[in-house]
Amino acid sequence: MRAKVLSQEEFVLQNVVAIARCLMQREVEQHSSGLELSLVELVREQMRSLARESEGDQTANLLEAAIAIVQKQVQGRLQEDSVQFNFDSYLASVRRTLKFLAREIAQLGERLNQSRKMQRLGERRRLISQSQVPFEVAEVGLRGAIEGLFAFPLTEVCVVDVEQVQPPYQVQGEWFPFLVTAESQSLEFVVDDDGSIFVATENLPERLLELAGEGLMELVNQLYTHPGANL
């Protein structure tokens, strides 16, 4: 089975654009709670991303930076269809809703940055699969106590092809989440509907931990297909 999977951000972004287009076509001026909630989710995720990626101190403008990015993304999609939509009232609500959360996320981002400098966290690596799909592999947990390995595509849209899984790996399930097992290695990989692949490594001996990493990379190369591929 081959399936296109969307990142969470792309899924919500498409929802925002669809609602805005619908409101413009129907010439409805009533405030849409669905549109507001979707914008809140987009801005929240953007703040988290900015906080994670920052290598310096978090600024007091985290919320405004996230809003600017989201507004540019949404307006860019709408302009493709020559649609003009005024988001001012919605973004004012987003600011009120996320004002205090923005401070918390900024503080957590600063703590995360400090932990990175102290080299306490598991590693994160950005790589390219054999089919040219960019992805990231992250160690979940603290160094010396890694609880799992997590891989996920960095594209907005990715094709996941479970039919390409080769022995010794076997796929179980009819739909997401799929379970991929390798009995000879006593490992279980979970493939979810956002394209992510997770394998638990808590309390594994060093050799199995190495096999988990190798297996994860092998499954990424088998499962991830370029989003331009035909379904």
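Here are some numbered notes on this predicted model, written to be read next to the structure.

1. **Ground rules.** This is a predicted model, so local features need pLDDT of at least 70 and side-chain atom pairs count only at pLDDT 80 or more, while totals for chains, interfaces and linings use all residues. Residues are numbered from 1 along each chain as its sequence is written, and side-chain values use heavy atoms, with hydrogens and water left out.

2. Start with the largest nonpolar core, which has 31 residues. A nonpolar core here is a set of buried Ala, Val, Leu, Ile, Met, Phe, Trp, Tyr and Cys residues joined through side-chain atoms within 4.5 Å. Buried means under 20% relative accessible area, exposed means over 50%, and partly exposed is in between (1.4 Å probe, protein chains only). Leu35, Val43, Met47, Val74 and Phe87 have the most contacts inside this core. Helices α1 (8-26), α2 (33-53), α3 (62-79) and α4 (88-117) each supply at least two of its residues. Helices (H or I, at least four residues) and strands (E, at least two) are DSSP runs, numbered from the N terminus. As background, nonpolar side chains tend to be buried together in soluble globular proteins.

3. **A closer look at Phe87.** Which residues does Phe87 contact, leaving aside its neighbours within four places in sequence? They are Val16, Ala20, Leu35, Leu39, Val74, Gln75 and Leu78, where contact means heavy atoms within 4.5 Å.

4. **A second core.** There's also a separate core of 30 residues, and Val133, Ala151, Tyr169 and Leu219 are among them.

5. **The sheet.** Seven strands make an open sheet in the order β2-β3-β4-β9-β8-β7-β6, with antiparallel pairing. Two strands count as paired if DSSP finds at least two bridges between them. β2 and β6 stand at the edges with a single partner strand each, so one side of each has no neighbour in the sheet. From one strand to the next, the twist averages 20°. Axes are lines fitted to C-alpha atoms, for helices over the stretch in contact, and angles run from 0 to 180 degrees between N-to-C directions. At the β2 end, β2 and β3 pair over five bridges, and Leu127 has Phe135 in β3 as its bridge partner.

6. **Around β7.** Is strand β7 (residues 178-182) mostly covered or mostly open? Mostly covered: four of its five residues are buried. β7 pairs in the antiparallel sense with β6 (residues 170-172) over three bridges, and Gln172 has Leu179 in β7 as its bridge partner. Five residues lie between the strands of this hairpin, where Gly173 takes a positive phi near 115°.

7. Find helix α5 (residues 206-223): it lies across β2, β3, β4 (145-153), β7, β8 and β9 (197-200), and runs at about 35° to β8.

8. **Salt bridges.** How many salt bridges turn up in the whole structure? The search finds ten, each being a side-chain nitrogen of Lys or Arg within 4 Å of a carboxyl oxygen of Asp or Glu. Glu10 forms one with Arg77, the closest N and O atoms being 2.9 Å apart. Glu10 lies in helix α1 and Arg77 in helix α3, so the pair ties together parts that are 67 residues apart in sequence. Both Glu10 and Arg77 are buried, and together with Glu156 they are linked in a salt-bridge network.

9. **Two more pairs.** Arg44 and Glu41 meet at 2.5 Å, N to O, in a salt bridge; both lie in helix α2, three residues apart, about one turn of the helix. Arg124 and Glu136 also form a salt bridge, again at 2.5 Å. This pair links distant parts of the chain, with Arg124 in β2 (residues 124-128) and Glu136 in β3 (residues 134-142), twelve residues apart. Arg124 is partly exposed at 47% relative accessibility, whereas Glu136 is buried at 4%.

10. **Cysteines.** Don't look for disulfides (pairs of cysteine sulfur atoms within 2.5 Å): the whole structure has zero. Cys22 is partly exposed, with a relative accessible area of 32%, and Cys158 is buried, at 1%.
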